[in-house]
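Student: I have a model open and would like to go through its ligand site. May we begin?

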Amino acid sequence: MADTVVTGVRSLLRSVRAVMAGHGNAQKRLDELVKVIAAEMVAEVCTVYVMRAGEVLELFATQGLNRSAVHQTRLRVDEGLIGHIAAHARVLNLADAQSHPSFAYRPETGEEIYHSFLGVPIVRGGRVRGVLAIQNKVKRQYTEEEIEALEMIVVVLAELIAGGDLVSPGEQMRSEGNAILPTRLTGIQINAGTAMGIAVLHQPRVAIPQMFADDPEAEERRLMTAVASMQEAIEDLFSATELSDGGEHHDVLETYRLVARDAGWLRRLREAIASGLAAEAAVQKVHDDIQARMHMAATPYLRERLHDFEDLANRLLHHLGGVSRAAAMEDLPEDVVLLARNMGPAELLDYEPRRLRALLLEEGSATSHVAIVARALNIPVVGRITDLLTRIDPRDPVIVDGDHSQVFVRPGEDIQQMVSDTMRAREERRLLYAAMRTEPAITRDGVRVSLNLNAGFLIDVQQLEDTGAEGIGLFRSEIPFMVRSELPSVEAQTELYNRVLELADNRPVMFRTLDIGGDKQLPYFHDAGDQNPNMGWRAIRVGLDRPSMLRQQLRALIHAARGRDLAVMFPMVSEVAEFQAARSILDIELAREQKRGGVLPKQLRVGVMLEVPGLMWQLRPLLSRIDFLSVGSNDLFQFLFASDRGNPRVADRYDVLSPGLLSLLRQLVVACDAANVPLSLCGEMAGKPVEAMTLIGLGFRTISMPPAQVGAVRAMVRSLDAGALGAYLDTLVDLPDHSLRRKLASYAKDHGILTEDS
Ligand code: PEP
Ligand code: MG
């Protein structure tokens, strides 16, 4: 069935593409398109209405209705079903169109004999440009697949209309009045936080004034002067006080600084000038060459370099033209929400940090270099927003909700009000939590809970002070590896881990050894091409197969600890034998250090992350060999339910508060208590108040979470009676329910437990 649908959609798209590639003006193509869509969708009617000046929708093409009505029938926005769709920018799927309150009968079209109706708005840049509709005589509801097919077609129609042949661009501008609709876009969270501001499109492009020059020597002098002034400007930019604290962004910017001095790049620029090009044209040409080469091998590392070169080329063009970037930034709004497909880290610094409210990217990931600098500047960032640049126009008001990975564009007053209320409430809570940070996390019945942080960047470790957390319950050591351009040496790793331990200032830090593979690929490490990377060659499997990498990391950890306490845990251990193998590699490194006369850690604790359910059946031999166990509930959950955590179609299908997972966790608590092995949990669930409450009810006494969540969890702990909840949970875990969330949330409410998110 699904295959037939896919084939149907493909055939429709093929036919549409053929029409678009064919001859004829836009009106002719539109006439052809309605025919093709009607035929492929087996619809008796297919119509396209286009928005004209004055908020009027005009019938531009039809298959099935009276042709004489084309360019005659006009509907106001909100008039009839078509107007209703345009007004609300929403799909309308009706089995009996005539019974809908908005139905408006137009005798000239002859449409009264059709019952079912499916209409889809044609939206571009957040504005409704028209409506596409199909109709059938039989009464039926159209399927999801049919809706999806039309939603794909309207993208093509939007481009056809934007082309300006059907309705002139001037008229399209005039028709933009009320039809500017609020839109909500979603992406992935790169940096949390909320902000409001005005959209500013990052436009690095500079026009090339002339292609050729008669005097190559004079051009080379111009080039070298521009290079010198550019390098000086970069130094100034990087010395900005906002970035003075240590952190990964220093490495990122240092790499950029080296690229700006890259001898090969400068040589190629000079060669292009020697061949007769003007300096600007030479910069462009060399950049085009680099881009062509790098695009072919687009690893994350090369993508970052490509941004760097693109940024440098544009920067150099500005300097050649005698305009500094700063001058071009002058008439920016006070509250800038910056939009870009992607950008290099230094480009972000061109914007005055005081005005920069948020960053939105069409691409981007948590470890992209621009994201790291944005994090250092403490602004919210949402990435992977599909078609961002066509859906937000410059100067649009925008609200960025980094916490929920969403963006409100041209928000209505109600949303603005709601978001500013939320922001205010959140700020109040933040202040309250900050004031509470020194209060102990002890429940009302006297149970002490250790709250810890999950960290990956140094900036997270710095949060220990602000959150009052007891230690770092999970240091994701692969993160610093992911932002670098090459495998860090033992010395570089030692320096980093030493910095972590210094910042932690005698608080415990659980260093997890590299968890690469799966969704965490290293730019300079060939991915294994796994079909199912989460269950593939990752984490400890890579460590055991490439022992030198694991040994180097363990060596660096031992060096960094140097007489201090050290805690190491191995990720994704599936069987005790695997732990044994990893542990013996650690022992080799300890022996090596001892032989060299080095200083060993004062106290060494070695643990395992429980992420693979299979290990549950080896608890006895495992617990007798380890110093602590930490549940990686993100992975454990996905493997327990065979439900990919990165796949939005199934990610929310099961709930962590299901009886299954909770009884597993309860068994684990019992086993660890009996064996006297400290147990903690460091997946995302530990940072959510209702989930954290449940964990404490089950007997967890140590949990680790993202820094932003500590305040809310502390408030929850202090309002909880752990014993009473434990007794209640005993009555729940054997229920056949899909989830216990509602019951637990009601319990919290009835017992005055604070479970508000931060
Ligand atoms: C987990 O799986 O719960 C965990 C903490 O590890 P990560 O999210 O880094 O895979
Ligand atoms: Mg994990």
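Student: Which helix and strand each supply at least two residues of the shell around ligand 1?

Tutor: They are β16 (471-476) and α24 (633-640); helices (H or I, at least four residues) and strands (E, at least two) are DSSP runs numbered from the N terminus. The largest share, 3 residues, comes from α24. Please note that this is a predicted model, in which local features need pLDDT of at least 70, side-chain atom pairs count only at pLDDT 80 or more, and totals for chains, interfaces and linings use all residues. Residues are numbered from 1 along each chain as its sequence is written, and side-chain values use heavy atoms, with hydrogens and water left out.

Student: Which residues come nearest to ligand 1?

Tutor: Of the 14 residues around ligand 1 (a heavy atom within 4 Å), these are Arg476, Arg512, Glu611, Asn634 and Arg645. The shell holds 3 nonpolar, 4 polar and 7 charged residues.

Student: What lies 2.7 Å from an oxygen atom of ligand 1?

Tutor: An N or O atom in the side chain of Arg476 does. A polar side-chain atom of Arg512 is 2.8 Å from a ligand 1 oxygen, and a backbone N or O atom of Ser633 is 3.0 Å from one.

Student: How much of ligand 1 does the protein bury?

Tutor: Taken alone, ligand 1 exposes 290 Å², of which 99% is buried by the protein; the areas come from the Shrake-Rupley method with a 1.4 Å probe.

Student: Turning to domains, which ones supply at least three shell residues each?

Tutor: Domain 3 (439-455 + 633-681 + 683-758) and domain 4 (471-608) do.

Note on methods:
Chains lettered and ligands numbered in written order. Polar contact = N/O pair within 3.5 Å; in protein donor to acceptor, adjacent residues only side chain to side chain. Nonpolar A, V, L, I, M, F, W, Y, C, P; charged D, E, K, R; others polar. Domains from an automatic or database assignment.
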